[in-house]
Amino acid sequence: MAIEVPDDPQLAPPDPQASAATPGRHPRARRLPAATAEAALALALAVGFMVWARNIHVNPLIRVGQVSGLARLQFRAALLAIPLLAAVLWAAHRAGGPRWHLALRLGCAAVAGLGTGIVAGGIAVALRGTPWGLGGQDGDPGTLQGYAASFLRGEGLPDVYPPGFIVLLAEWARYLRGGHVGYALKDLQLLLSAVFGPLCYLAWRTLLRPAWALAVALPAAILFLDPIRPYSHLVMVVLLPLIGRLLTELTRVAELSARAALLRGALLGAVFGLLFLVYSGWFVWSAPGVLVAVLLLVPWRRGRAALTRAAGLLGATAVTAAAVGSPLLLRLAAHGAGTVDRYAYFDVYIDPAYVLGWRSDRSGWPAAWAWPPPGELAGQTTFSLLVLAGLGLALALGLRRPPVIAALSCLASAWVLRFWFAGHMQRDQAVMLYPRTTWLILYALIALTVLAALLLSGGVRAAWLRLTAGRQVRLPRFLGRRLAAGSLCGLAVFGAMAASWSANRYMPQDPQSGTMGIDAYRSHTLQRADGSCPLYAPGHTCAAPREDWRPQDSKDTRLWCGNVSPENWPFYCGGRAPSPDRSG
């Protein structure tokens with residue numbers, strides 16, 4: 001049974017082909033300059049702010065220096081944001097329709113750019129004086145550097161790890177950093193962290209109006225940004241709205257020409273394939289639910305022509321995605337069955353039904369006994385109840401809307417697979433990265449909450465118009481503009497505060513703290529290429545970096561309990577720890 005979905009002007013920008021008959025210049029030609037300016041402003045502010053933050057002269061190894069650096073970031077952000085927000089407020093009160101809409105979309109783009117620009121600027125402050133990136137040569141950064149260096153030596157790529165970022169890191173090091181992959185990693189950590197927010201916002205702009213797209217993208221981008229390896233979560237925040245775009249095109253396919261359906265499918269498939277090459281986990285966890293959603297939205301009852309165009313759209317998407325992603329798909333087909341993830345870290349030991357927060361894989365604060373945080377109602381916090389209410393409203397009001405269906409499909413799919421992998425963990429002695437579904441589930445819940453608010457506002461407006469039909473009772477025409485402008489200002493303040501919170505977590509802290517700050521600390525303890533120590537090296541001492549060797553696959557056949565002392569190993573994983581020096 002097909003679900004037929006009417007177009008909703010609030011949920012998606014008008015379709016260019018549907019309005020092609022408008023007199024005068026083609027609608028696409030009218031919108032292209034504004035869309036280009038919107039994207040350029042978001043990206044330029046994000047990258048420019050990060051670069052500007054690199055000249056903040058503080059000592060990031062002492063707390064007073066860290067606080068001064070965070071304060072300077074906020075001061076500079078205010079210098080940029082206040083005039084922009086003032087212009088939006090002026091336009092809400094004085095400007096005409098076209099100028100107001102342009103001011104709003106540029107204001108939203110600017111806030112999206114500044115949000116993660118501040119985070120990336122904070123990382124730049126944390127790494128001031130050292131050429132190394134977060135993590136130095138330890139953990140995942142060390143693994144990435146090893147693979148990139150191995151690729152530069154002509155030893156090939158890893159069997160199943162997505163090659164996109166490794167190749168980018170290697171080529172960046174080759175052409176811009178004299179072959180030094182550790183220095184190249186710092187550049188990419190800063191750059192990808194900065195553009196994280198704009199890319200998330202622009203992805204949602206393919207589905208939503210500016211203010212609503214920002215309402216999803218800003219909190220999601222700051223919450224899910226992981227500067228140590230920003231490429232993995234960047235794929236997640238872009239993938240969900242991209243799935244929504246595919247489902248939207250599927251519901252409109254009957255109005256498209258066969259050529260347009262093929263072209264749109266090929267374009268979407270190319271983006272899917274590129275994202276798959278960068279990080280593939282989100283595709284695995286989303287795939288079952290998305291497949292069901294696609295089958296439900298195929299226009300089965302709209303005739304042969306509609307079915308033919310739907311087949312063309314989906315076929316072009318699948319073929320192009322497979323062609324672009326073939327380097328990884330072929331490796332997965334050859335080696336995927338023998339690849340097992342056995343590393344158990346902090347979140348593996350937590351109640352698997354807790355999906356509304358991520359503490360990190362560190363052993364520091366908050367202590368294990370304080371996580372998950374206690375909630376007021378059966379362990380559920382006010383935030384939990386808010387997003388669950390959003391889920392209920394989205395199901396009630398938007399079950400026929402493609403963006404809602406996309407978020408629901410990812411949520412349900414990740415939820416089921418999470419418990420499948422967790423339920424077989426002891427038997428298979430494999431983690432299979434199931435705790436990372438926490439991010440995807442929480443992201444879908446945040447998106448559904450904002451979509452529910454959007455649909456609820458549309459329903460209230462429609463009900464008001466019906467109640468006042470034929471009467472002289474009308475809301476002021478300017479009220480909507482002023483509400484949008486005020487909401488943008490509120491989102492901007494939230495973005496500044498949340499970005500400071502995110503950046504503060506990565507300020508250098510002694511490794512004994514067990515917090516996220518140890519990654520920046522490690523980068524200050526490694527020698528530069530000339531043998532000298534970084535400017536703020538602790539105690540003016542540092543260690544020589546090791547050679548970047550290709551990581552070797554583990555031969556363990558049972559779970560590895562990270563951050564667990566040998567005496568506690570039987571309680572967490574059973575049996576004895578393999579050796580005292582490997583207890584993490």
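Visitor: Where is the place of Leu433?
Guide: In this predicted model, Leu433 has its place in the loop between α15 and α16. Helices are DSSP runs of H or I with at least four residues, strands are runs of E with at least two, and both are numbered from the N terminus.

Visitor: Why is Leu433 called partly exposed?
Guide: Its relative accessible area is 23%. Buried means under 20%, exposed means over 50%, and partly exposed is what lies in between, with a 1.4 Å probe and protein chains only. Leu433, at 23%, therefore counts as partly exposed.

Visitor: What is phi of Leu433 near?
Guide: Phi of Leu433 is near 60°, a positive value in a residue other than glycine. Gln429, in the loop between α15 (425-428) and α16, also has a positive phi, near 50°, and it is not a glycine either.

Visitor: Does Gln429 count as buried or exposed, and what makes it so?
Guide: Gln429 has a relative accessibility of 18%, so it counts as buried.

Visitor: What makes Arg229 buried?
Guide: Its relative accessible area of 15% puts Arg229 in the buried class. Arg229 belongs to the loop between α7 (210-224) and α8. Its C-alpha atom is 8.8 Å from that of Ser193, although the two residues are 36 apart along the chain.

Visitor: Why are Gly459 and Ala87 called partly exposed?
Guide: Gly459 has a relative accessible area of 37% and Ala87 one of 41%, so each falls in the partly exposed class. Gly459 is part of helix α16 (residues 437-467), and Ala87 is part of helix α2. For Ala87 and Leu104, 17 residues apart along the chain, the C-alpha separation is 9.2 Å.

Visitor: What makes α2 roughly antiparallel to α3?
Guide: The axes of α2 (residues 63-94) and α3 cross at roughly 175° and come within 9 Å. The axes are lines fitted to C-alpha atoms, for helices over the stretch in contact, and angles run from 0 to 180 degrees between N-to-C directions. Under 35 degrees counts as roughly parallel, over 145 as roughly antiparallel, 65 to 115 as roughly perpendicular, and the rest as oblique. The pair α2 and α3 is therefore roughly antiparallel.

Visitor: Which residues make the contact of α2 with α3?
Guide: Contact means heavy atoms within 4.5 Å. Among the residues involved are Leu73, Leu80 and Trp90 of α2, and Trp100, Leu114 and Ile118 of α3. By class there are 17 nonpolar, 5 polar and 1 charged. Here Ala, Val, Leu, Ile, Met, Phe, Trp, Tyr, Cys and Pro are nonpolar, Asp, Glu, Lys and Arg are charged, and the others, Gly among them, are polar.

Visitor: How do α8 and α10 lie, and why is that?
Guide: Helix α8 (residues 230-251) and helix α10 (residues 281-297) have axes that come within 11 Å and cross at roughly 10°. That makes α8 roughly parallel to α10. Met236, Leu239 and Ile243 of α8 are among the residues in contact, as are Trp282, Phe283 and Val290 of α10. This contact has 12 nonpolar residues, 3 polar and no charged.

Visitor: What is the largest nonpolar core, and how many residues has it?
Guide: It has 154 residues, and Trp204, Phe224, Trp282 and Tyr443 are among those with the most contacts inside it. Such a core is a set of buried Ala, Val, Leu, Ile, Met, Phe, Trp, Tyr and Cys residues joined through side-chain atoms within 4.5 Å. Helix α3 (residues 97-126) gives the most to this core, 16 residues. Beyond its neighbours within four places in sequence, Phe224 touches residues including Phe196, Val237, Trp439 and Tyr443. A separate core of 14 residues includes Tyr345, Val431, Tyr434 and Cys573.

Visitor: How many of the 584 residues count as buried?
Guide: The buried share is 50% of the 584 residues. The chain has 19 helices and 2 strands.

Visitor: How are the values set up?
Guide: Residues are numbered from 1 along each chain as its sequence is written, and side-chain values use heavy atoms, without hydrogens and water. In this predicted model, local features need pLDDT of at least 70 and side-chain atom pairs count only at pLDDT 80 or more, while totals for chains, interfaces and linings use all residues.
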